[in-house]
Each structure stands twice: as C-alpha cells, then as structure tokens.
Amino acid sequence: MSEQLDLLAQMGRDFAASQDIEATMARALSRIATLVGAEGGALFLLDNAAENLVCHASHGPVDILGLSVGADQGIVGRSVAGNVSEMVRDVSLDQSFQNSLDQQSGFTTKSILCAPMVVRGAAQEEERIGAIELVNKADAQGLFADDDLKFLEVLAASAALAIHNARMSRQLAEKEVMRRELERAAEIQRGLLPPPGDANFPVSGVNRPARVVSGDFFDHFTLFDGRIAFTLADVSGKGMNAALLMAKSASLFRCLGKEDLRPGRLLQRINAEVCETSMRGMFVTMVAGVYDPVTGRVVMANAGHEPPLLHKEDGTFEALEAGSPPVGIPIELTGGGPVPEDVLYLDGGSLYIFTDGVTEGYIADKQELGVDGLQTMIVEGLKAGLNGTDRIDRVAECLTKSDEPLRDDITILVIDDGANAKARCGQKQARTEEEQQTDQPLIGSLCKLSLPARPQSLILVRRAVEASAHLSGFSKEQTQDIVLAVDEACQNVVRHAYVGDLDGDMVVEVQRENGDYRILIRDFAPPVDESNIKPRDLNDVRPGGLGVHFIREVMDAMDYLPPPDGQGNLLRLKKSIPHNAVK
Amino acid sequence: MEINSSEQGNVKVIAISGEVDLSTSPRVRDALLECILGSQAVVVDLSQVAYIDSSGVASLVEAFQNAKSRGQTFTLANVGETPLRVLKLARLDQVFVIHGTVEEAIAALA
C-alpha cells in the first residue's frame, strides 16, 4: 500500500516538474504496470479531434507506440467512451477483442484491464483524456483480478490529473509567449509612429489600438524646406493581419514620399505596390498630403477614406470627400490612375483627419460619437484654449474611457495652422488662380532628370535648366549664370563622384517654391568631404578649380543636405527669383 | 562644337564655335596646344562660342601660359557677351589680351 501511495506522490511530482510529458508518461506507465503486476501495457490519449485514441506510451514485449485506433473501438474505446473501467478477464470469451495485433506481434493476450483517464472540470464537465490498458497478469495464470482493476482505476485517475495539469501549464506558458510577442509587436508598431513633436509643432497625431496591435496608422515627416508631409490610413480588419499591412503601407509612404511628394501620385504608387504583392481582400483607406507652414497651403489626396474635416477660422466646418477608391483594390477594377488632389489654404484653421473608429466609437450608453459629436468636441477644445495635440488627445481619451471596449482602432491627425497664420500677420496674399491649381509647373518640382554621370549629359542638363530658369522669370543674363553654375556642380559629380569605371547616375531636379529657384543634384557615390571643396584662389592664375567659385558667385546658397536613405550626396543650389519677375 | 583654324601670314587664327563644356573642351585644349607648337602667334576667335565653362576657360589659360613660357603671343578676339561674362566671373578678363576683332588682334601683333 505504501508503495502505491509513493507512486502516486511521485507521479504527481514527476508530471509537475517535467518538460517532457511523453517521457513522463512512459515512466508512469512502467511503474503502474510493474506495481499492478502486468506483463504489458499501453497509455492512450485522445487526439485533438477526439476521433482517435493514440498510444503515447508502451510497456512490455510488444511496442505499440504510435498505434492509433478509432475513439470508440475495442476495449480501450469502450472504456473511454463510457468512462468506465473494463476488464476482460479471459479474452477467449470476449467478442469485441481484436486479436489482429496478436497475429502481427506474436504475443498472446490472455487478460485485459482498462481504466479511463478522465478529469472533471469546475462545472462538473468531463474531459476525456484517454485510457491506460494493461495486459496479462504476470503470474502463472496470467489473469487479472478485480482488485487489480480497482488499483488501476486509482492510478489512472491520478495519471489523468497529472497529465491534465501538465497540459494546462504548457498551454499557459505558450499563451504567455504569444502574449509577450504580441506586446513586442505593439511596441515596434508604436515605434513606427512619429515621436511627439514640441508643443508648437503644427502637425500631431494620436493612435489607440482596439486590440494589442493596430490596423490604423498616421505619420508625418518634415522636408528639408520646412514643408510637412503627412498621412493617415486605416487598414481593413483588425489584429495581426491588419498590423502587417499597416507596417508595409507606412514604410511605403516614408520611402516613396521622400522621393516624390505629390500626394496624388504618391498614393498611386503605393497602390501599385500594395496591389502587386496583395494581401488578398485587404485594402487601406488612406489620406496623404503636404502642408506648408509658410503659406498655410495644403495639397492633399484621399483614397477612399472618411472625409477629413476642415475647421475654418470663422468656425464653420467643411468635409473633404474622397477622390478615389481605397488602396489595394485590384487595378483592373479601378484603373490605377493618380488620385485627384485638393488644394486648400488653412488660413489659421485646422484640418482633422481621422478613422471611422473615432466617429463610430462609443462615448456613453452605446452612443456613437458621430461627426457632429467630433465637431462639438473640437469647438469645446478650442474654447478651452487647447492646442491641436491636446484637442485630439481629449477626443481619444473620451472614447477610450467609455464603459465599452473600443470597437475599432482610433487614430486622429490634426494640422493646426493657427500659430503660423499669426506669424503671417494675418496677411492673406492674393492668390492667383494658377497657384490654387495642382500640378502646375509654377510651384514645386519643375523637372527631374536622371542621367548617367558623364560629360555628354551636361548639355541636357543645361537645356533643362535654361528653360526652367527662364520660365521662372530670370533675365537672360541671370539664366546664363545659373546654367553655368549648375553645369559646374554637375561636373563635380561627373569628375569626382564615380571614380574609375563606376558608371553611376546623377539626378538633377529643378524646383520652384514661392520666391526661390532651387536645383538639387543627387549622386549615389561615396560621401563627399565638404572640407575638400574649396574655391580656387583667383590670384593664382592656373587652370582648374574654377567651378566652385562660379557656383558661389552666381547662386545665393550652396549646401550639402543629408541625402535620402543616407546614400550618396545631395547638393542644393538656391537663388532667389527677383520680385518683379515672379510669375 | 567645331574648331576651324586658318593662317593669316604667320599668325594662326583658331575659331571655336558652339558649346565648350566638359565633353568638348579636351578637343579645344589639344587644338590650342597644336597651334602654339606650330606658330609664334595665335589668335583665338570666340565670336561663335555660345557657351563656355570652367574646363573651357582652363584650356584657354593653359594655352596662354604655354605660349607665354615660349615667348609667344596668344590673344583672344571677338569675345561675345557670354564668354566675356564667364571670363569676368573668373577674373581673367584682365589677364588675357582681348581684342574686338580678329583684324585688330592681328594688327596689334605687328
């Protein structure tokens, strides 16, 4: 008896401590078989589908590890299904006995004991784990007695509990690992969002996921000329799938946006990428745009997203409807063209972009916030003197504090032109019709040439620069000077950037922004050491080294900027357009 | 970019036309040096030069100094607005001897 109690105690400890349930079961079976005095035995577990009983431990002369029988077949099946122990004292007298195994193995089964392993849950529900079967009493006759069965029942019950507990703790451990991974994913996601700027920064956003990870995102980054690119997007669905597409779309925005920031075309390119490597049936509603703090001008494109709200200085609201279907709808259906752009002047007002998780979010008593509710909260926030960041934080707080869990992710982006408008001293410049249109050559990028960095390319650059300088209003002499300066700058690339056989490209972009004419020259060669670039001393009449001098004489500014992606060099030349010539 | 040279007496006149930039200036450099090797007096006619950059200017400077080291003359003639502007930017307009026409340049040599 004490042996048996020892076994029970030991079995319990063994299972609790063990990482390897299978090995523990094998040991337990051996001990049980030995203690009851059986020649052989097997431990069966019900599989996940509860369709088969599979042998997970085998003891004795015949090894049936891995053997699978139907969940209701044979003595073991009967035992498990009925949650009763079975004894076939003498198999030669039992019909349901399958002697097929005996024929295969050469072992002669005489007597069988089988006890089910079942645990009862808190609500008295039964969980069938399996059964332990023992064969052939190890004495002269080889037949079991009733005591043997009773003994086996007790042991099987303990084994059941031990196995159940071991499974539970393993599941808990797995859940814990998954939970930690999910939290890690959420942390990475938060890292993809832009860090909060200082209190006076005009663009800010807030994001609260409904679950651990979010399918919404927002982003903004500042271009070298002070304009701020922004985006807000809502990926269909929730959870991990949505989060993955979110990460992809967010990266595309940053990466492609730094190359070419016309919002309509940017969304078109993002759409092409997402459709090409499509995550079936998933799409993204997306708003992308650029805000110029100097003028308060916003150029924006909306692909299928909830209309952003413009809150004007006079207090009225205007909704800006989407111009195109969402990103990710197959191009065969949408045509795949650029998304139409809106141009608007904030004039001291604020632009709010948000996901439908906001307007459909609950505030209290299962009431949706709605567009009206959002507008009210915005007005209240302004009255209370809150800045943009605080106004949207307040809305997010209101939605997350309600009794109901969040229906959907909440994301809001605000562009607050208030401070910048004051800095403009309230002067509303007379805007020409042309300025209010999009994609006009007068503002923004006039041209962008990608050419091989070799001498033959220079004449092409000169022609393009000459035409665009003239278009921008420079006099003939000024134009010639600019052409010379740009030629010299490109010569630097041709001569020095790609040493030896390296055949590289250079990209020359001409930009016009209000009163400035700018040329950007980009190469992809190893970074230039600025201290090596010095104009020649002109009192020393020697050939060579004149180029930099020409550039500095002609242009207002010559700067090396951090190149996008850190690759190569980016040189910027700037010259102010004379006022009376501004077209 | 085209280079034409002719002789007027013992003066070599070399006329450059078109755009002198990094891709074409090596030819100018070679032509100028050849002229200097072949004659005591060289006049460069720049009337048809639509564009000249620092590499073109450098070729002129190199030829000028080469001639000077040999005790030969090297002058410029018919320098239009465009090339003159570039020479002014480089502050070389006072270094070169510049004449209004080729005839004046040749006459000055006598």
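Which residue of S6(A) stands opposite A:Gly40? In this predicted model, the residue of S6(A) that faces A:Gly40 is A:Val135. Strand S1 (residues 38-46) of chain A and strand S6 (residues 126-137) of chain A run antiparallel and are joined by seven bridges.

These two strands belong to an open sheet of six strands in chain A, whose order is S3-S2-S1-S6-S5-S4 and whose pairing is antiparallel. Strand S3 (68-70) and strand S4 (86-88) of chain A form the edges of the sheet, each of them pairing on one side only. When direction is ignored, neighbouring strands of this sheet are turned against each other by 25° on average. Helix H5 (residues 146-192) of chain A packs on the sheet, where the helix touches S4, strand S5 (112-120) and S6 of chain A, and the direction of H5 makes about 40° with that of S5(A).

A further antiparallel pairing in chain A links S7(A) to strand S16 (residues 410-416) through six bridges, with A:Gly205 standing opposite A:Leu413 in S16(A). Strand S7 (residues 203-208) of chain A is largely enclosed by the rest of the structure, because five of its six residues are buried. The two strand pairs can be set side by side.

| Strand pair | Bridges | Opposite residues |
|---|---|---|
| S1(A) and S6(A), antiparallel | seven bridges | A:Gly40 and A:Val135 |
| S7(A) and S16(A), antiparallel | six bridges | A:Gly205 and A:Leu413 |

Taken as a whole, chain A has 16 helices and 21 strands, and 39% of its 583 residues count as buried. Among contacts in chain A between residues at least 6 apart in sequence, 64% join residues that are at least 24 apart.

Among the helices, helix H10 (residues 370-383) and helix H11 (residues 388-401) of chain A pack with their axes 9 Å apart and at an angle of about 135°, which means that H10(A) is oblique to H11(A). The crossing in which H10(A) passes H11(A) is right-handed. From H10(A), the residues A:Leu374, A:Met377, A:Ile378, A:Gly381 and A:Leu382 meet A:Asp390, A:Arg391, A:Arg394, A:Val395 and A:Cys398 of H11(A), and by class this contact has six nonpolar, one polar and three charged residues.

Between the chains, 17 residues of chain B are in contact with 18 residues of chain A. On the chain B side, helix H2 (54-69) and helix H3 (81-89) are the elements that give two or more residues, and H2(B) gives the most, with five residues. The residues of this side divide into eight nonpolar, three polar and six charged.

Terms used:
Residues are numbered from 1 along each chain as its sequence is written. Chains are lettered from A and ligands numbered from 1 in the order in which they are written. This is a predicted model: local features need pLDDT of at least 70, side-chain atom pairs count only at pLDDT 80 or more; totals for chains, interfaces and linings use all residues. A residue is buried if 20 or more other C-beta atoms lie within 10 Å of its own, exposed if 12 or fewer, and partly exposed in between; C-beta atoms are placed from the backbone. Helices (H or I, at least four residues) and strands (E, at least two) are DSSP runs, numbered from the N terminus. Two strands pair if DSSP finds at least two bridges between them. Two residues are in contact if their C-beta atoms, placed from the backbone, lie within 7 Å. Ala, Val, Leu, Ile, Met, Phe, Trp, Tyr, Cys and Pro count as nonpolar, Asp, Glu, Lys and Arg as charged, and the others, Gly among them, as polar. Axes are lines fitted to C-alpha atoms, for helices over the stretch in contact, and angles run from 0 to 180 degrees between N-to-C directions. Angles under 35 degrees count as roughly parallel, over 145 as roughly antiparallel, 65 to 115 as roughly perpendicular and the rest as oblique. A crossing is left-handed if the near helix is turned anticlockwise from the far one by less than a right angle, and right-handed if clockwise.
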